[in-house]
Amino acid sequence: MNERLDLPQGTLDLLILKTLAVEAMHGWAISERIQQISRETLQVQQGSLYPALHRLERRGWVKAHWATTENNRKAKYYELTRLGQKQLETEMQAWKKLATAVGYVLDMA
Amino acid sequence: MLSDALYRIRAVFRRDAVEQELDEELSFHVEQQAEKYRRSGMSPVEVKRRIRLEFGGAQQIREECRDARGTRWLEDIGQDLRYAARTLRKNPLFAAAAIVTLALGIGAGTAIFSVTDGVMLKPLPYKDADRLVLASRDLPKRDVQDYPMSSLDFLDVRYGSREIFEDLAAIEVTPQNVVLPGADRMPEQVRAQRATANLLPMLGASVAAGRTFEEADGEPAESHPLAVMLSYEYWQRRYNGDRSVIGTTIPRMGASGAKMVGVLAPGFELLLPPKMNIDRAPDLWVAMPLNYDTGQRNGPSLQMLGRLRKGVSVDQARAGANAVAAKLEQQFPVKRASGFTIRIEPMRKSLVAEVRPVLLALMGAVIFLLLIACANVANLLLVRTSLRGRELAVRSSLGGSLSRLMRQMLTEALLLSALGSMLGVALAWLGIHELLFLAPTTPGLATLPRLSSVVIDARVLVFAALAGLASAAIYGVVPALRASRPKADLVLRQSRRMAGAHGTLGGSRMFRNSVVAVEIALSFVLLVGSGLMFRSFLALRAIDLGFDPSHILTFRLTGGQGAAGLTDLRKRLAALPGVEAVTSSNALPLAGGSPPLRWGGVNEDPSTMLGAADAQTVLPGYFETLGTRLIAGRTFTEADHDQAKRVVVIDTALAAKAFPWGASERSVGRDLLLGVDGVGVRFEVVGVVAHQRNASLVESGREQIYRLNADQVSGQWAVRTTGDPADIEGAVRVQIAQSDPRLLITETQPMRSFVEQAQAKTRFSLLLLAVFAVIAALLAGIGIYGVLSALVRQQTKEIGLRMALGAAPASVFRSVAGQGLTLSAAGLAIGLAAALATMRGIASMLVGVKPADPATFASMAALFFGISFVASWLPARRAANLDPAVALRED
């Protein structure tokens with residue numbers, strides 16, 4: 001079994017925004033992509049993914065539209081807005097700062 | 001932020017579309033996942049299992065997505081409301097019982113609050129009303145309160161305390177009614193009130209036409225007309241609202257006529273405590289001409305009103321005014337002998353002082369009533385929660401969040417409250433009309449001041465809404481808490497009827513029982529309160545008035561004078577068939593009070609005589625007409641008019657005070673000194689009669705002195721009849737008109753109605769308290785019934801088992817009824833303690849009965865046991881009549 005990690009609060013939003021920065025995707029694809037890129041370490045449950053997507057949509061960081069998939073199914077695609085782009089940059093910087101700081105402390109101790 | 005708002009708006013208004021999209025989105029996800037598993041080579045069965053494991057909580061995801069949308073609370077409220085309305089519609093009996101119960105509680109509360117608000121809480125309708133005060137003179141050494149001021153004393157206080165009062169005004173305590181030609185040229189009695197010219201401007205009375213009084217209107221000047229202001233109502237009635245009369249003169253008023261300077265705004269009233277007996281809305285306001293040249297040092301006639309300067313406290317004002325009073329006391333021996341202090345009270349406070357206890361008691365009563373109503377509804381809800389146990393348990397195990405379930409219950413409670421409040425306001429609206437109709441009034445002088453400002457306005461509606469909210473909080477929270485933590489597994493495993501019995505839901509039996517016990521306690525307090533008021537009312541009816549009010553017609557005559565006219569009138573009235581006796585007096589008992597007269601022993605200095613007695617000036621036959629008992633000596637005869645020696649009749653109270661060393665018989669033939677026009681005059685006591693209740697039924701009042709009237713036709717008349725006094729009214733009017741057509745006859749009424757008016761305040765409080773107590777007892781009875789019915793329903797199986805094992809129906813009956821009676825006993829015990837503690841609050845309203853009257857407490861407790869027996873009887877009989885075979889098969 002893979003060792004799976006629970007995501008810290010707020011991190012899921014960042015991951016979703018980052019994933020969507022490449023291209024517009026539907027929900028299932030987002031969860032697959034995160035799982036894939038994290039080498040199966042991070043698994044996003046449906047129960048946290050959709051509430052998060054709705055929350056991001058409400059804040060205007062992503063917008064959604066219905067489109068047809070390559071298999072000719074209708075799916076709801078999410079894409080990053082300009083506001084979301086800015087938010088992503090701020091959050092990435094904050095995250096990197098935090099990670100470095102935590103790293104320092106862990107190394108020193 | 002805009003996107004946020006737009007998003008939320010869409011989420012609320014296109015709710016169904018949003019929900020459907022979510023469903024599609026989620027099922028798309030599930031299908032994709034399934035597809036992925038299939039492609040990885042899982043068997044269809046395995047795929048199904050995995051999917052179910054991963055996506056079992058679809059409902060929960062939906063709920064969380066709704067949360068994420070941030071509009072959930074709004075949607076939920078709508079949904080809860082719809083759901084609550086549906087459940088109420090499904091249980092119309094429960095809904096009706098709860099709503100009517102609440103409406104009774106809230107309606108009674110709202111009605112009484114509207115009265116309390118109108119009478120006690122709203123500011124007075126005057127300029128800077130919070131600085132207005134009444135300044136009353138007390139005579140501490142004579143134990144007399146509210147003794148009027150003489151005009152010179154008033155001027156001394158006014159000019160001596162300018163640093164305290166921005167303005168100090170005075171009004172005459174006796175009306176100066178005049179007879180003037182009316183709109184139809186017929187003589188009409190016009191109610192006139194004299195006050196210093198600064199009174200109306202000080203109150204900020206607004207003017208409908210002309211001008212208000214000026215300082216110059218109060219300057220006395222020879223052959224100068226008086227200045228008068230008209231009430232708007234009199235202006236309309238007499239002059240049809242004609243503006244051209246302003247500035248003209250009423251010829252037959254005062255020595256040089258009276259000039260009409262202006263008209264007051266409609267509805268202007270001078271609000272003074274009812275006991276002062278000052279007309280609050282006279283037809284004419286007369287500016288009293290007053291200065292140091294025309295004023296009098298003796299002759300108490302004025303009540304003072306003032307406005308304090310900004311920043312001056314009532315205590316400072318009292319100190320300042322009493323400094324002036326102390327100087328006057330030093331100056332005049334008579335004031336030193338009686339004592340002279342000035343009491344200053346905020347106008348609003350003194351205005352409601354008489355009705356405050358009644359209103360507070362009623363407010364307390366309706367709060368109790370509302371609490372009882374809440375307890376009843378709480379119990380209804382608890383019973384229903386227990387019956388809905390399965391529904392709630394199912395919903396919670398299907399993923400309905402606990403807080404959501406709790407909110408659902410609270411929404412139901414709020415919906416009930418909203419409906420109850422609306423119906424309650426409607427009840428209050430009806431109730432206020434009845435209330436104002438019942439409220440004690442005497443002609444021209446309502447006993448409850450400011451009744452006209454009692455209306456259902458925004459403040460009252462806010463009160464009703466708050467009462468509804470508070471009730472919902474009281475009766476909704478406990479069932480909601482209970483519902484929010486169902487032990488779902490337990491409930492689901494149990495049969496429906498067992499669920500409540502074991503207290504998993506809907507409150508333990510213990511809890512529900514204590515709610516009913518509290519209810520019983522509260523309604524017992526109300527029953528005791530109304531019982532005590534009833535005893536007071538009986539005591540008032542049983543009070544020895546000193547005279548016999550039945551078969552007496554009374555009326556007031558105005559305008560005539562002269563011994564000849566008086567004799568003629570007396571002869572004519574006495575000759576009427578059905579008339580036994582005729583008399584007149586300046587004031588009849590219970591009809592407004594008599595002026596005080598100073599008296600003393602023959603050796604006393606007339607200027608320092610201490611005694612004050614009610615003085616009546618009567619015609620011979622007074623005691624025979626009123627049925628006053630003669631104790632010693634004789635009553636007046638016609639011959640007394642001609643005797644050189646002046647004679648008086650006194651009452652037993654004065655006899656005991658003036659001649660303390662002997663019985664009433666020994667007083668006859670002795671002399672008394674009476675203060676007549678400022679000098680001491682000797683009178684011989686020829687008779688002693690029973691003490692009459694002159695001012696009030698509650699207090700016995702001052703001692704009484706009767707003198708003879710020689711030539712005054714004006715005054716109150718009394719005619720003793722053999723039959724119904726109303727029957728001879730027509731004949732009396734004819735005789736009066738024939739004797740002197742200029743005489744004006746007013747206030748025709750039987751003597752009985754004065755007595756009824758004196759009982760009115762107690763009757764009013766009694767009636768309201770009794771109505772509340774009956775409602776409360778009814779609600780408590782329903783409460784007992786409800787709890788026992790639920791009990792029987794829950795224990796059907798157990799009872800059936802007991803009966804199958806040989807328990808007799810009678811023993812089942814006893815056990816159920818016994819629980820009901822135990823419950824009432826517990827409630828009564830609490831109620832007893834509560835009643836003992838609270839009844840002291842209404843002590844001032846009670847007459848002839850102690851707040852802790854054992855008879856009242858015992859009889860109310862017995863009454864309550866009767867009620868609880870009836871309430872227990874029905875469920876107990878149902879239990880006893882159960883067929884064990886059927887009962888055991890019950891689910």
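## Close-up views of a predicted two-chain model

Chain B has a mean pLDDT of 82, with 90% of its residues at 70 or more; pLDDT is the predictor's confidence in each residue, from 0 to 100. Residues are numbered from 1 along each chain as its sequence is written, while chains are lettered from A and ligands numbered from 1 in the order in which they are written.

View 1. Helices (H or I, at least four residues) and strands (E, at least two) are DSSP runs, numbered from the N terminus. Two stretches of chain B have pLDDT below 50. Residues 442-446 are one of them, with nine contacts beyond near neighbours in sequence; residues 495-506 are another, with 45 such contacts. Two residues count as in contact if their C-beta atoms, placed from the backbone, lie within 7 Å. For the complex, the predictor gives an ipTM of 0.82 and a pTM of 0.67.

**View 2. Where chain A meets chain B.** Here 15 residues of chain A are in contact with 20 residues of chain B. On the chain A side, H2, H3 and strand S3 (74-80) each supply at least two residues. H3(A) gives the largest share, nine residues. Sorted by class, this side of chain A has four nonpolar, five polar and six charged residues. Ala, Val, Leu, Ile, Met, Phe, Trp, Tyr, Cys and Pro count as nonpolar, Asp, Glu, Lys and Arg as charged, and the others, Gly among them, as polar.

**View 3. Helix H1 of chain A and its cover.** The buried residues of H1 (residues 11-22) include A:Leu12, A:Asp13, A:Ile16 and A:Leu20. Buried means 20 or more other C-beta atoms within 10 Å of a residue's own, exposed means 12 or fewer, and partly exposed is in between, with C-beta atoms placed from the backbone. Among the elements covering the buried residues of H1(A) are strand S1 (25-26), strand S2 (62-68) and helix H4 (82-108) of chain A.

**View 4. The nonpolar cores.** The largest nonpolar core has 168 residues, and B:Leu369, B:Phe772 and B:Ala776 have the most contacts inside it. Helix H13 (residues 356-387) of chain B gives the most to this core, with 20 residues. Leaving out residues up to four places away in sequence, B:Phe772 touches B:Ala108, B:Ala365, B:Val366, B:Leu369 and B:Leu526. A second, separate core of 52 residues includes B:Val686, B:Ile705, B:Val713 and B:Ile736. A nonpolar core is a set of buried Ala, Val, Leu, Ile, Met, Phe, Trp, Tyr and Cys residues joined through C-beta atoms within 7 Å.

**View 5. Two loop residues with positive phi.** A:Arg39 isn't a glycine, yet its phi is near 55 degrees. A:Arg39 sits in the loop between helix H2 (27-37) and helix H3 (46-59) of chain A, and counts as exposed because 8 other C-beta atoms lie within 10 Å. B:Leu590, also not a glycine, has a positive phi of about 65 degrees. Its loop runs between strand S17 (579-585) and strand S18 (596-600) of chain B. B:Leu590 is buried because 24 other C-beta atoms lie within 10 Å.

Technical notes:
Predicted model: local features only at pLDDT ≥ 70, side-chain atom pairs only at ≥ 80, totals over all residues.
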